[in-house]
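Please keep the sequence and the model in view while reading the points below.

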Amino acid sequence: MPFEILNFIKIYEKSFAENWNLPALSEYGKNNTQTYGELAQDIAKTHMLFKGIGLKEGEKIALCGKDSANWVKIYMATVTYGAVIVPILAEFNPLDITHIINHSEASLLFISDNLWEHMEPERLLNIKGVISIEQKKPLLEAEGVELSRCIRLLNRRFNRKYPNGYTSENVKFGNRDNSEIAEINYTSGTTGFSKGVMLTGENLSGNVCFGIHSKLHYRESRALAFLPLAHAYGCAFDMLTPLAVGTHITLLGKTPSPRVLLKALAEVKPSLVICVPLILEKIYKSQILPMISKGAMRWTLAVPFLDSFIYSKIRKKLIEAFGGEFEEVIVGGAPLNHEVEEFLHKIKFPFTVGYGMTECGPLISYTPWKEFIVGSSGKTLPIMESKVDSVDPENVPGEICVRGVNRMKGYYKNPKATEQVIDKEGWLHTGDMGTRTPDGTLFIRGRNKTMILSASGQNIYPEEIEAKLNNMPFVAESLVVDRDGKLVALVYPDFDATDKLGVSYSDIDSLMENVRKELNNIIAPYEQISKIILMPNEFEKTPKRSIKRFLYTH
């Protein structure tokens with residue numbers, strides 16, 4: 001083991017005491033920064049509330065709401081108490097939220113007021129009480145549960161227990177073993193409704209300790225959290241790792257549109273940027289591509305020495321746009337468009353692409369940007385093993401399989417689904433197709449489930465065609481699907497571009513036919529697109545901004 005995997009709960013007992021006076025949490029646009037000491041005190045009060053209503057270690061607590069300081073406190077209070085957190089994405093509909101609460105057997109629910117309005121309380125089967133995330137007030141309590149009374153008396157009881165005030169010496173959490181389940185994470189997948197991923201203390205600690213060991217975050221560094229914390233990626237590297245080392249986290253709390261995000265990045269100046277490909281791709285398409293495509297600029301970029309001068313200016317401008325003080329941008333959660341990746345590498349922008357999945361809480365592979373190989377998804381973590389199920393793993397894609405510290409325990413109350421993905425030797429079959437070099441560097445080709453077999457027996461990865469199509473003029477986003485043995489592209493047009501040029505809706509069909517011909521010129525014969533079908537609305541997406549492919553492929 002290249003570094004010690006610490007007890008998950010004890011990491012925070014130590015961090016909160018050692019970083020007592022440092023800023024821990026802020027909400028963007030609000031003057032409400034809280035220190036690690038104040039965070040620890042709120043957690044201690046929440047522990048007292050849990051004990052007061054008779055909550056036992058190992059019981060499940062569901063948490064559903066948009067990212068906020070209170071959301072972070074509830075999550076951290078739950079895991080440090082020894083209970084099991086069930087974070088639920090606020091974007092889920094009320095029926096899905098109800099199903100997750102019931103399936104996980106949660107006995108307590110923290111929920112945002114605006115989401116509670118649409119819930120049907122009588123459908124919640126095991127819930128002892130419901131508490132508002134924002135107001136910290138009871139919204140529902142079962143008969144015999146003194147939730148309202150416990151909340152009302154909480155401050156008085158807390159002051160009686162700590163008459164001299166709550167200090168760093170008072171931070172004492174439980175001794176729950178790392179083998180115990182700490183979280184059940186239900187995510188919205190691109191291939192259908194997901195299962196409850198059981199993550200142990202060791203799974204979460206593996207991710208956090210790797211983050212500490214790699215110095216992704218460090219004492220007094222700054223983080224801007226804009227990915228959903230209910231998702232494994234944002235949770236591990238925008239919350240859990242920063243809180244383990246004394247980082248100051250600013251929670252964006254808004255939809256991270258490029259305009260909103262760039263403003264926040266400029267103000268917060270984070271030391272590390274964790275993002276999904278869509279952010280970089282939108283900035284590239286809306287700001288960089290128009291600039292480098294202009295006649296004079298295109299000509300200048302063809303001249304040696306002049307091109308490096310221009311690239312360095314673009315790089316400087318892009319670094320400043322991201323706050324100017326970050327070590328690197330880590331891209332994950334979905335594949336990065338190849339053209340965007342090549343350009344960022346060409347201008348020497350400090351970025352790297354990692355790979356993971358909720359079932360590994362989430363990290364599987366990562367390489368620091370200076371060692372990153374373009375087209376790869378980084379090197380398999382030293383606490384993980386990987387293999388590719390292929391006759392020639394370096395050259396012929398096969399399914400990527402992983403095992404190690406970060407691999408989940410299984411799917412909650414679903415042994416059949418667990419057996420389908422974890423084999424007898426402990427390998428987790430990821431469902432992703434790719435290749436692997438002997439040093440453990442992974443190259444992802446696409447999902448096993450989305451791979452299309454052509455009539456001539458060729459493996460077609462629709463994601464690779466979509467990446468090229470999405471860079472074509474007048475294409476906002478696309479999906480390539482198999483319809484009766486022929487490849488068809490579903491395209492949502494870039495209406496901003498058509499409006500600027502005064503293109504009428506009736507002319508879009510002919511524009512798309514030109515796009516189809518252009519695309520077919522740059523892809524393999526067996527990948528040829530037979531036609532483009534226009535979509536009237538944007539594709540429905542997961543909170544991670546990946547298209548819900550399963551809705552469009554049947």
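1. How much accessible surface does the chain have, and what share of that surface belongs to carbon and sulfur atoms? The accessible surface comes to about 25,000 Å², and carbon and sulfur atoms hold 51% of that area. Accessible areas come from the Shrake-Rupley method with a 1.4 Å probe, and for residues only the protein chains shown count as cover.

2. The model is predicted: local features need pLDDT of at least 70 and side-chain atom pairs count only at pLDDT 80 or more, while totals for chains, interfaces and linings use all residues. Residues are numbered from 1 along each chain as its sequence is written, and side-chain values use heavy atoms, with hydrogens and water left out.

3. The chain holds 17 helices and 26 strands; helices (H or I, at least four residues) and strands (E, at least two) are DSSP runs, numbered from the N terminus. The radius of gyration is 25 Å, close to the 24 Å that the globule rule gives for 554 residues, so the chain is as compact as a globular protein of that length. This radius is taken over C-alpha atoms, and the rule is 2.2 Å times the number of residues to the power 0.38.

4. Of the 554 residues, 56% are buried, a term that means under 20% relative accessible area with a 1.4 Å probe, counting protein chains only. Strand β4 (residues 84-88) is mostly covered, with five of its five residues buried. Val84, Val86 and Ile88 point one way from β4, whereas Ile85 and Pro87 point the other way.

5. Strand β3 (residues 60-64) runs parallel to β4 and is joined to β4 by five bridges; two strands pair if DSSP finds at least two bridges between them. Within this pairing, alanine 62 stands opposite valine 86. From β3 the chain passes through helix α3 (residues 69-81) to β4 in a right-handed β-α-β crossover, that is, clockwise from the first strand over the helix to the second with the strands pointing away from the viewer.

6. Another set of four strands forms an open sheet of mixed pairing, in the order β2-β1-β11-β10. Its edge strands, β2 (34-35) and β10 (222-225), each pair on one side only. Strands β1 (residues 23-27) and β2 run antiparallel and are joined by two bridges, with proline 23 opposite threonine 35.

Terms used
Buried means under 20% relative accessible area, exposed over 50%, partly exposed in between (1.4 Å probe, protein chains only).
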